[in-house]
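Subject: A two-chain model for you

Hello,

Here is the structure I promised to pass on. Please have a look at it first, and then read my notes below it.

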Amino acid sequence: MDVKIVGRGFRESWLVVGLPDAGLVGAISAAHVVRALGLEAVAYVESELLPPVIVVHQSKVCDPMRVFGRQGLMVLSSEVPVHPSLVYPLGKSVVEWAVREGAKGIITITGIAVPNRLEIETPEVYGIAGNSELYDVLAKANVKSFEEGFVVGPAAVMMKEGIKRGLPTMTLLAQCFLEYPDPGAAAQALTALNRILDINVDVKPLLEEAEMIRVRTRELMRRTAEVMKQMRKGHEYEVPLMYT
Amino acid sequence: MFRRRRTIFESISDLLDEIRGEVERLSSLFEDLEEPMWNASECCLIPLSTIRDLGDEYEVVVDLPLVDSGKINVYVEGEDTLKVEAEIREGVRFERWGTVQKNVEFRRYRKIVRFPEPVDPTSLRIVSFKQGFLVVRVRKV
């Protein structure tokens, strides 16, 4: 079944993808960037694989999965979880759209769940890059590389597709809770993004309003946790065969 | 004394009843995704929680943002039910959200967790309350 991105993007602009996933790190990060920079919706995702949902914001009917942006920066954000059946077609369509619109590249923000998150005050952020030049970009931004392990979900598909199509692609993984919204992890991921793209998204509000964000995102987290189980997100805890 | 042999249909019917009962018991252990996570009439929110089987005990984690440590009441009711009630600091309002909820100030959390097996209510202990996460453990019987 088809997934279409309807609308135009900005040439020579990075596309930051933040979808609901572990700790809602990507979703919270994307929503915060959109709000902090006052980005306007420029495109939306159309698919029968999405739940039959509209979102009403200030009396205006909106699609639940949209691209916001301005010259230099675009953000794909979703207010509904990504069902496993949507992961592949969505990942491919997003990369295809980014290539068609002449985007500079894709940076996916996601969470990597750690069992001892309660003991961690400042979560670490790790990066995966599609090529060695991009690993240099991560290193310059002080982002440690994610050396071994599994990544499950839309970030994995976008990474693979991006490499296949020669589109610069990176993934940022912030240590987080698996099944609880984690604004603290999102703040760290955005701090890394600021350094990589040389932008200045203020993360202070994320930390100051962290408790309220946890209250407001409970429902999305509950639905996302259900979807993650179907996607075998727990795989990320495992050791890959080639490492042994 | 003569006992009538049960027909195969009666046996299948009994088996189906047994399976139905088991399905109902198991589904009661999991949260219904369609249940709202708030109760407007009682001004309470349902927090996120997880339960972990540690072998001889269960560990329950409940996410309680906007709660102070002295405002939590946690206890075991009966032999398999954990109840958590907590007061929300200053109350929470969602001014533009929904039709009913926007007029409500939510003042407390209430959570009911059912254990898959009976537990010893006297063994309940609070392990920690850190960053708004309540961690409790209770021993299996």
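Let me start where the two chains meet: 12 residues of chain A are in contact with 13 residues of chain B, two residues being in contact if their C-beta atoms, placed from the backbone, lie within 7 Å. On the chain A side, the elements that give two or more residues are α7 (210-216) and α8 (218-230). The largest share, 6 residues, comes from α8(A). By class, this side of chain A has 4 nonpolar, no polar and 8 charged residues. Here Ala, Val, Leu, Ile, Met, Phe, Trp, Tyr, Cys and Pro count as nonpolar, Asp, Glu, Lys and Arg as charged, and the others, Gly among them, as polar.

Before going further, please note that this is a predicted model, in which local features need pLDDT of at least 70 and side-chain atom pairs count only at pLDDT 80 or more, while totals for chains, interfaces and linings use all residues. Residues are numbered from 1 along each chain as its sequence is written, and chains are lettered from A and ligands numbered from 1 in the order in which they are written.

**Chain A as a whole**

Chain A has 8 helices and 11 strands; helices (H or I, at least four residues) and strands (E, at least two) are DSSP runs, numbered from the N terminus. Its radius of gyration is 16 Å, close to the 18 Å that the globule rule gives for 244 residues, so chain A is as compact as a globular protein of that length. That radius is taken over C-alpha atoms, and the rule is 2.2 Å times the number of residues to the power 0.38. Along its principal axes, the C-alpha trace of chain A spans about 45 × 40 × 35 Å.

Of the 244 residues in chain A, 48% count as buried. A residue is buried if 20 or more other C-beta atoms lie within 10 Å of its own, exposed if 12 or fewer, and partly exposed in between, with C-beta atoms placed from the backbone. Among chain A contacts between residues at least 6 apart in sequence, 78% join residues at least 24 apart.

**Two helix pairs in chain A**

The axes of α2(A) (residues 84-100) and α4(A) (residues 154-165) come within 8 Å and cross at roughly 40°. Axes are lines fitted to C-alpha atoms, for helices over the stretch in contact, and angles run from 0 to 180 degrees between N-to-C directions. The two helices are therefore oblique to each other: angles under 35 degrees count as roughly parallel, over 145 as roughly antiparallel, 65 to 115 as roughly perpendicular and the rest as oblique.

Helices α1(A) (residues 25-37) and α5(A) (residues 183-197) pack at an angle of about 60°, with their axes 8 Å apart. They too are oblique to each other, and their crossing is right-handed. The contact is made by A:Val25, A:Ile28, A:Ser29, A:His32 and A:Val33 of α1(A) and A:Pro183, A:Ala185, A:Ala186, A:Ala189 and A:Leu190 of α5(A). By class, it has 8 nonpolar, 2 polar and no charged residues.

**Chain B**

Buried residues make up 22% of its 141 residues. Among chain B contacts between residues at least 6 apart in sequence, 52% join residues at least 24 apart.

**A few residues to look up**

A:Asp198 lies in the loop between α5 and α6 (204-208) of chain A. Its phi is near 55°, a positive value in a residue other than glycine, and with 7 C-beta neighbours inside 10 Å A:Asp198 counts as exposed.

B:Cys43 also has a positive phi, near 50°. B:Cys43 sits in the loop between β1 (38-39) and β2 (44-45) of chain B and is partly exposed, with 16 other C-beta atoms within 10 Å.

Best wishes

Notes: Left-handed = near helix turned anticlockwise from the far one by under 90°.
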